[in-house]
Amino acid sequence: MAKERSEEEQIDTGDQTADQSVEVENPSAAEQHAAEEALAEENAQDEEIASLHQQLADHKDMVLRAQADVQNARRRAQQDVEKAHKFGQEKLLKELLPVVDNLERALATIDKDDEAQKAVREGIELTQKSFIDTLTKSGMELIDPAGEPFDPELHQAMTQIPNGDVEPNTVLDVFQKGYRLNGRLLRPAMVVVSKAP
């Protein structure tokens with residue numbers, strides 16, 4: 001009997017399930033329209049989110065580029081300041097070089113053995129030394145290449161003289177000394193260079 005009841009219950013339950021599946025209704029046109037609108041709105045939101053993500057990426061890129069530009073501008077400004085410190089007085093120092101040359105010429109014209117001019121010679125030597133020391137403190141470097149090999153980047157050959165006593169292209173005499181400012185050539189040394197006889 002219990003078996004019969006359970007079979008009957010199953011049949012009843014099966015009938016109810018069949019009835020329930022039949023009870024599923026098709027959505028009305030208004031419901032379909034509302035669902036389509038919700039789906040379209042969701043798609044629009046997805047597109048808007050994608051657009052916002054793209055805008056965010058573009059803005060991040062613009063910020064990174066702006067930061068790089070600022071860093072480059074700072075670096076250039078710092079380099080300009082360093083160059084100004086190193087080479088700012090270049091024009092003034094170039095204009096002072098003829099004074100040093102004139103002091104050297106004055107010393108060359110004074111006779112070393114003449115006792116009457118000894119005090120004048122010492123005064124000019126001290127003035128020249130003081131002047132050169134001041135230039136050296138400013139970063140100036142003297143180029144006096146007598147006896148050295150000729151270097152076209154530092155020397156300007158005025159003439160060549162045949163000489164068998166030294167190697168060819170050796171500086172024999174210096175007409176005018178050269179100068180560098182912090183490694184940059186201000187004025188080449190004017191020299192006489194040897195050549196093979």
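Which residues make up the largest nonpolar core? The points below start there. Note that this is a predicted model.

1. **Largest core.** Nine residues form it: Phe87, Leu93, Leu97, Val100, Leu135, Met140, Tyr179, Leu181 and Leu186. The largest share, three residues, comes from α3. In soluble globular proteins, nonpolar side chains tend to be buried together.

2. **Leu135.** This core residue touches Leu93, Leu96, Leu97, Val100 and Met140, leaving aside residues up to four places away in sequence.

3. **Second core.** There is also a separate core of seven residues. Among them are Leu154, Val171, Ala189 and Val191.

4. **Phe150.** Look for Phe150 in the loop between β1 (140–143) and β2. Is Phe150 buried or partly exposed? Its relative accessibility is 25%, so Phe150 counts as partly exposed. Phe150 touches His155, Gln156, Ala157, Asn169, Thr170, Val171, Val191 and Val193, again not counting residues up to four places away in sequence. Phe150 and Leu172 are 22 residues apart in sequence, and their C-alpha atoms are 9.5 Å apart in space.

5. **Nonpolar surface patch.** Leu172 also belongs to a nonpolar surface patch, together with Ile161 and Val166. The patch covers about 190 Å². Ile161 sits in strand β2 (residues 155–162). Its relative accessible area is 38%, so Ile161 is partly exposed.

6. **Salt bridge across the chain.** The model has eight salt bridges. One of them pairs Glu104 with Lys177, with the closest N and O atoms 3.5 Å apart. Glu104 lies in helix α3 and Lys177 in the loop between β3 (171–176) and β4, so the pair ties together parts that are 73 residues apart in sequence. Lys177 is partly exposed, at 21% relative accessibility. Glu104, Asp144 and Lys177 are linked in a network of salt bridges.

7. Arg121 pairs with Glu125, the closest N and O atoms being 3.4 Å apart. Both lie in helix α4 (residues 118–137), four residues apart, about one turn of the helix. Arg121 is buried, at 15% relative accessible area, whereas Glu125 is partly exposed at 34%. Asp133 and Lys129 also form a salt bridge, with closest N and O atoms 3.0 Å apart. This pair too lies in α4, four residues apart, about one turn of the helix. Asp133 has 35% relative accessibility and counts as partly exposed.

Conventions. Residues numbered from 1 in each chain as written. Predicted model: local features only at pLDDT ≥ 70, side-chain atom pairs only at ≥ 80, totals over all residues. Heavy atoms only, no water. Patch = residues over 30% accessible without salt bridge, like charges linked within 9 Å, V, L, I, M, F, W, Y side chains within 5 Å. Areas by Shrake-Rupley, 256 points an atom, 1.4 Å probe, with all protein chains shown as cover. Salt bridge = Lys/Arg side-chain N within 4 Å of Asp/Glu carboxyl O. Helix = DSSP H or I, 4+ residues; strand = E, 2+ residues; numbered from the N terminus. Buried < 20%, exposed > 50% of the residue type's maximum accessible area, 1.4 Å probe, protein only. Core = buried A, V, L, I, M, F, W, Y, C linked by side-chain atoms within 4.5 Å. Contact = heavy atoms within 4.5 Å.
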